[in-house]
Amino acid sequence: MRTNPFLDTLEWLFDPRLVVMILWALLIASVLIARVNWRADPLQRTGEHLTIWAMRLLIGSMWYQGSTWKLPLPYSDAFAHWLRQSGEHASFPLLADLVNRVMIPALPVVGTFVYLLEFALAASLILGLFTRFFSLVAVGQALFLWLTLYRAPHEWPWNYVFLALVHVAFVVMA
C-alpha cells in the first residue's frame, strides 16, 4: 500500500534491482550531459533551460518507472490486464476492435514493443537525445491511453490529456 510519495520514491530509487540501477545510470548520464552543455554553451545557463531539463528528467523517470511493470518480456500479467481494460473501456468501437482483435491476440509482440517504446521515451527525455521526435511519439502514446481508457472506472482521463500536453511543450521547446 502506498503511504507517502516521498518515502515511496526513495524506497524505489534505492531498491537494488537491475531496472533501478539502469535508471540511476540514465540519471547520472543526464547530469553529466547537462553539465557539459552548461559549461560549453552560455545560452543553456537560464532558468528556463534548467526547468525544462528538470521536467524532462521527471517525466522521463515516470515513463521509465512505468515501463518496468511491463516486465518480464514478452509481457507481464499487469500489462495484459491493462490492455484488456483498454479494449473494454475504449471511447470508440474502432479502438476497442483494434485492441481486442489485433493487439491482444499479438500480446507477446505488443508487450515487447510497448516496453521498448516506453524505455526509448524515457531514455530520450532523461538524456535529452531526439527529444522532439520521442516527445511527439509520447503525445501519440498518451492520446492512445486517453482514448482507450476513457471509460475505465477509477481512471481520470484528463491525466492522459495533461501528459500529452507536457509532451507537446517538449516538442515545441526542446
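Predicted model: local features only at pLDDT ≥ 70, side-chain atom pairs only at ≥ 80, totals over all residues.
Okay, let's start with helix α7, which covers residues 131–148. How far apart should the ends of its 18 residues be? At 1.5 Å a residue the helix should span 26 Å, and the end C-alpha atoms are 25 Å apart, so the two agree.

Now, which residues of α7 are buried? They are Thr131, Phe134, Ser135, Ala138, Val139, Gln141, Ala142, Leu145 and Thr148. As for what they pack against, you'll find α3 (47–68), α4 (77–89), α5 (93–103), α6 (107–127) and α8 (158–173).

Let me pick one of those residues, serine 135, which sits in α7. Its relative accessible area is 0%, and anything under 20% is called buried, so serine 135 is buried. Leaving out neighbours within four places in sequence, serine 135 is in contact with Leu125, His167, Phe170 and Val171.

In soluble globular proteins, nonpolar side chains tend to be buried together. Here the largest nonpolar core has 25 residues, and Leu23, Trp63 and Tyr64 are the ones that touch the most other members. Two or more residues of this core come from each of α1 (5–13), α2 (18–40), α3, α6, α7 and α8. Which element gives the largest share? That's α6, with seven residues.

Not counting residues up to four places away in sequence, leucine 23 touches Trp12, Leu13, Ser61, Tyr64 and Ile126.

Next, salt bridges. How many does a search of the whole structure find? Two. One of them joins arginine 17 to aspartate 15, with the closest N and O atoms 2.9 Å apart. Arginine 17 is partly exposed, at a relative accessible area of 36%, and aspartate 15 is partly exposed as well, at 27%.

Then there's lysine 70 with glutamate 118, where the closest N and O atoms are 2.8 Å apart. This pair links distant parts of the chain: lysine 70 is in the loop between α3 and α4, glutamate 118 is in helix α6, and they are 48 residues apart. Are these two buried or exposed? Lysine 70 has 5% relative accessibility, so it counts as buried. Glutamate 118 also has 5% and counts as buried.

While we're on α6, have a look at phenylalanine 113, which is in that helix too. Phenylalanine 113 has 53% relative accessibility, and the cut-off for exposed is over 50%, so it counts as exposed. Its C-alpha atom is 8.7 Å from that of proline 74, a residue 39 places away along the chain.

Last stop, the empty space. Rolling a probe the size of a water molecule over the atoms shows where empty space is left. The largest pocket has a volume of about 1400 Å³. There are 42 residues lining this pocket, and the closest to its centre are Met62, Trp63, Gln65, Gly66 and Trp69. At least two lining residues come from each of α1, α2, α3, α4, α6, α7 and α8. Which helix gives the most to the lining? It's α3, with eight residues.

Methods: Residues numbered from 1 in each chain as written. Heavy atoms only, no water. Helix = DSSP H or I, 4+ residues; strand = E, 2+ residues; numbered from the N terminus. Expected span 1.5 Å × (residues − 1). Buried < 20%, exposed > 50% of the residue type's maximum accessible area, 1.4 Å probe, protein only. Contact = heavy atoms within 4.5 Å. Core = buried A, V, L, I, M, F, W, Y, C linked by side-chain atoms within 4.5 Å. Salt bridge = Lys/Arg side-chain N within 4 Å of Asp/Glu carboxyl O. 1 Å grid on protein atoms, 1.4 Å probe; cavity = no way out; pocket = protein on both sides within 12 Å on 5 of 7 lines; lining within 4 Å. Points joined across faces, edges and corners; volume = space filled by probe spheres on them.
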